[in-house]
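Me: Can you walk me through this structure? Keep it short and plain, please.

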Amino acid sequence: VQLQASGGGLVQAGGSLRLSCERSDRTYSSHVMAWFRQAPGKEREFVAAISWRGNINYADSVEGRFTISRVNSDSTTYLQMNTLKPEDTAVYYCAAQTSLYYNANRLPDYWGQGTQVTVSS
């Protein structure tokens with residue numbers, strides 16, 4: 001399974017970005033897709049996840065600002081990020097968990113290479 005994340009960049013605080021994650025295989029529709037991020041000097045943290053049925057989980061820090069979505073027909077997952085803050089600066093990773101619903105007690109099974117998001121103040 002290969003995950004390809006894209007859409008990162010430099011944006012001013014208050015701005016928006018949309019990240020995309022393309023998946024290479026056809027088992028996409030039965031897995032949970034998720035986004036994680038890692039800021040410099042910090043541990044990787046959960047951002048959002050969406051199940052094959054559309055059940056969604058968000059980290060408290062992004063709730064109301066970020067929106068995760070997926071298009072099963074083209075194996076793509078999106079993360080719409082609005083009202084960005086400098087503390088959102090991180091490398092964002094696309095990930096897949098081989099389960100029907102997101103399990104916070106288990107790390108994803110597959111990871112993409114990451115895309116840098118930088119929010120200037």
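What follows is a short chat about the fold, the disulfide and a few residues.

Me: Before we start, what kind of model is this?
Reply: This is a predicted model: local features need pLDDT of at least 70, side-chain atom pairs count only at pLDDT 80 or more, and totals for chains, interfaces and linings use all residues. Residues are numbered from 1 along each chain as its sequence is written, and side-chain values use heavy atoms, with hydrogens and water left out.

Me: How many helices and strands are in the protein chain?
Reply: The protein chain has zero helices and 11 strands. Helices (H or I, at least four residues) and strands (E, at least two) are DSSP runs, numbered from the N terminus.

Me: How compact is the protein chain?
Reply: As compact as a globular protein of that length, because its radius of gyration is 13 Å, close to the 14 Å that the globule rule gives for 121 residues. The radius is taken over C-alpha atoms, and the rule is 2.2 Å times the number of residues to the power 0.38. Along the principal axes, the C-alpha atoms fill a box of roughly 40 × 30 × 25 Å.

Me: What share of the residues is buried?
Reply: Buried residues make up 46% of the 121. Buried means under 20% relative accessible area, exposed over 50%, partly exposed in between (1.4 Å probe, protein chains only).

Me: And contacts between residues 24 or more positions apart, what share do they have?
Reply: Among contacts with a separation of 6 or more, they account for 55%. Contact means heavy atoms within 4.5 Å.

Me: New topic. How many disulfides are there?
Reply: The count comes to one disulfide. The rule asks for a pair of cysteine sulfur atoms within 2.5 Å. Here the pair is Cys21 and Cys94, with sulfur atoms 1.8 Å apart.

Me: Where do the two cysteines sit?
Reply: In distant parts of the chain, 73 residues apart. Cys21 is in strand β3 (residues 17–23), and Cys94 is in strand β9 (residues 90–97).

Me: Remind me, what is a disulfide?
Reply: A disulfide is a covalent bond between the sulfur atoms of two cysteines.

Me: Left-handed or right-handed, this one?
Reply: Left-handed, because the torsion about the S-S bond of Cys21 and Cys94 is about -75°.

Me: Is Cys21 buried or exposed?
Reply: Cys21 is buried, because its relative accessible area is 0%. Cys94 is also buried, at 1%.

Me: Now sheets. In what order do the strands of the open sheet of four come?
Reply: The order is β1-β3-β8-β7, and the pairing is antiparallel. Two strands pair if DSSP finds at least two bridges between them. The edge strands are β1 (3–6) and β7 (66–71), each pairing on one side only.

Me: How many bridges join β1 to β3?
Reply: Four bridges join them. Ser6 has Ser20 in β3 as its bridge partner.

Me: Which residues of β1 are on its covered face?
Reply: Leu3 and Ala5 are on the covered face, while Gln4 and Ser6 are on the uncovered one.

Me: And the β7 end, how many bridges there to β8?
Reply: β7 and β8 (residues 76–81) pair over six bridges, in the antiparallel sense. Ser69 stands opposite Tyr78 in β8.

Me: What about β4, how many of its residues are buried?
Reply: Six of its seven residues are buried, leaving β4 mostly covered.

Me: Which strands does β4 run antiparallel to?
Reply: Seven bridges join β4 to β9, and five join β4 to strand β5 (residues 45–50). Ala34 stands opposite Ala95 in β9. Arg37 stands opposite Glu45 in β5.

Me: How many residues lie between β4 and β5 in their hairpin?
Reply: Six residues lie between them, and Gly41 in the turn has a positive phi of about 75°.

Me: Pick a residue there. Where is Phe36?
Reply: Phe36 lies in strand β4 (residues 32–38). Phe36 is buried, because its relative accessible area is 6%.

Me: Which residues is Phe36 in contact with?
Reply: Leaving aside neighbours within four places in sequence, the partners of Phe36 include Phe46, Tyr93, Tyr102 and Trp111.

Me: Last one: where is Tyr58?
Reply: Tyr58 is in strand β6 (residues 56–58). Beyond neighbours within four places in sequence, Tyr58 has contacts that include Phe46, Val47 and Phe66.
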